[in-house]
Amino acid sequence: MWRIWIVLGVLLLGACTGKPSLQDEALSDRQLNLEEFFDGNVTAYGQFQDVLGTVRRRFTVEIYGTWDGNVLTLVEDFVYEDDSTERRVWTLTKTGPDSWEGTAPGVIGTATGQESGDTFNWQYTIDLPVPDGTLRVTFDDWMWLLSEDRLLNRAYMKRAGVDIGDVIITFEKQ
């Protein structure tokens with residue numbers, strides 16, 4: 001019985017944690033332009049951590065991006081610690097000066113995103129491949145341009161409206 005109360009308490013605390021906002025005070029004068037940062041070769045390093053803080057999966061991603069003036073295509077090749085691989089191809093369309101929409105296999109509907117200064121927020125639902133099949137999750141993805149060639153990403157993940165963990169990724173432009 002105590003275990004149930006502990007799990008419920010952890011879930012309640014997780015739901016109360018603060019999340020970034022596009023209205024947060026800018027910490028730099030850098031301007032993130034996705035079409036510039038991701039045009040060409042980018043290497044990323046990341047890991048998934050569950051809501052209790054346990055690192056569950058690590059990976060690297062080789063990304064090749066092309067920008068045609070309106071559409072940014074990202075070919076992402078994942079390699080996980082267990083040597084499994086995955087390819088995801090994103091098609092992102094710039095819908096305004098700072099807004100984006102995108103699709104990729106497994107994404108439910110259309111992903112939407114907004115740039116603001118050095119920050120980008122990207123939200124979508126995806127049937128994510130996992131070792132035992134697929135898992136439908138919602139991502140609240142936040143990216144911050146740390147330097148001309150480095151981008152930090154923290155993606156908050158939910159399943160059925162409940163926090164399940166987050167993904168931390170560092171992108172390095174080649």
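The model is predicted: local features need pLDDT of at least 70, side-chain atom pairs count only at pLDDT 80 or more, and totals for chains, interfaces and linings use all residues. Residues are numbered from 1 along each chain as its sequence is written, and side-chain values use heavy atoms, with hydrogens and water left out.

Pockets were located on a 1 Å grid over the protein atoms alone. A pocket is an open set of points where a 1.4 Å probe fits, with protein on both sides within 12 Å along at least five of seven lines. Lining residues have an atom within 4 Å of a point. Grid points are joined across faces, edges and corners, and a volume is the space filled by probe spheres set on the points.

Strand β8 gives the most to the lining of the second largest pocket, with 4 residues. Strands (E, at least two residues) and helices (H or I, at least four) are DSSP runs, numbered from the N terminus. By class, this lining has 8 nonpolar, 6 polar and 4 charged residues. Nonpolar covers Ala, Val, Leu, Ile, Met, Phe, Trp, Tyr, Cys and Pro; charged covers Asp, Glu, Lys and Arg; the others, Gly among them, are polar.

Thr 119 counts as buried, because its relative accessibility is 11%. Buried means under 20% relative accessible area, exposed over 50%, and partly exposed in between (1.4 Å probe, protein chains only). Beyond its neighbours within four places in sequence, Thr 119 is in contact (heavy atoms within 4.5 Å) with Leu 22, Leu 32, Gln 114, Trp 142, Met 143 and Trp 144.

The largest pocket contains about 740 Å³ of space. It is lined by 35 residues, and Phe 59, Leu 128, Phe 139, Met 157 and Val 167 lie nearest its centre. Eight strands each supply at least two lining residues: β1 (40-50), β2 (55-67), β3 (71-80), β4 (85-94), β7 (119-130), β8 (133-147), β9 (150-159) and β10 (162-173). Strand β7 gives the most, with 6 residues. The lining of the largest pocket divides into 28 nonpolar, 1 polar and 6 charged residues.

Val 137 lies in strand β8. Val 137 is buried, since its relative accessible area is 0%. Its contacts, leaving aside neighbours within four places in sequence, are Tyr 124, Thr 125, Ile 126, Leu 128, Met 157, Lys 158 and Ile 164. Among these partners of Val 137, Leu 128 and Met 157 also lie nearest the centre of the largest pocket. The C-alpha atoms of Val 137 and Thr 43, 94 residues apart along the chain, are separated by 24 Å.

The chain has 2 helices and 10 strands. Their order along the sequence is α-α-β-β-β-β-β-β-β-β-β-β. Phe 38 lies in the loop between α2 (34-37) and β1. With 4% relative accessibility, Phe 38 counts as buried. Not counting residues up to four places away in sequence, Phe 38 touches Ile 63, Gly 65, Thr 66, Leu 72, Leu 74, Leu 151, Phe 171 and Lys 173. The C-alpha atoms of Phe 38 and Thr 66 are 7.5 Å from each other, at 28 residues apart along the chain.

Two loop residues have positive phi without being glycine. Asp 83 has a phi of about 75° and is found in the loop between β3 and β4. At 64% relative accessibility, Asp 83 counts as exposed. Ala 160 has a phi near 55° and lies in the loop between β9 and β10. Ala 160 is exposed, with a relative accessible area of 81%.

Along its principal axes, the C-alpha trace spans about 60 × 40 × 30 Å. Buried residues make up 36% of the 174 residues. Of the contacts with a separation of 6 or more, 36% join residues 24 or more positions apart. The accessible surface comes to about 10100 Å² (Shrake-Rupley method, 1.4 Å probe), and carbon and sulfur atoms account for 53% of that surface.
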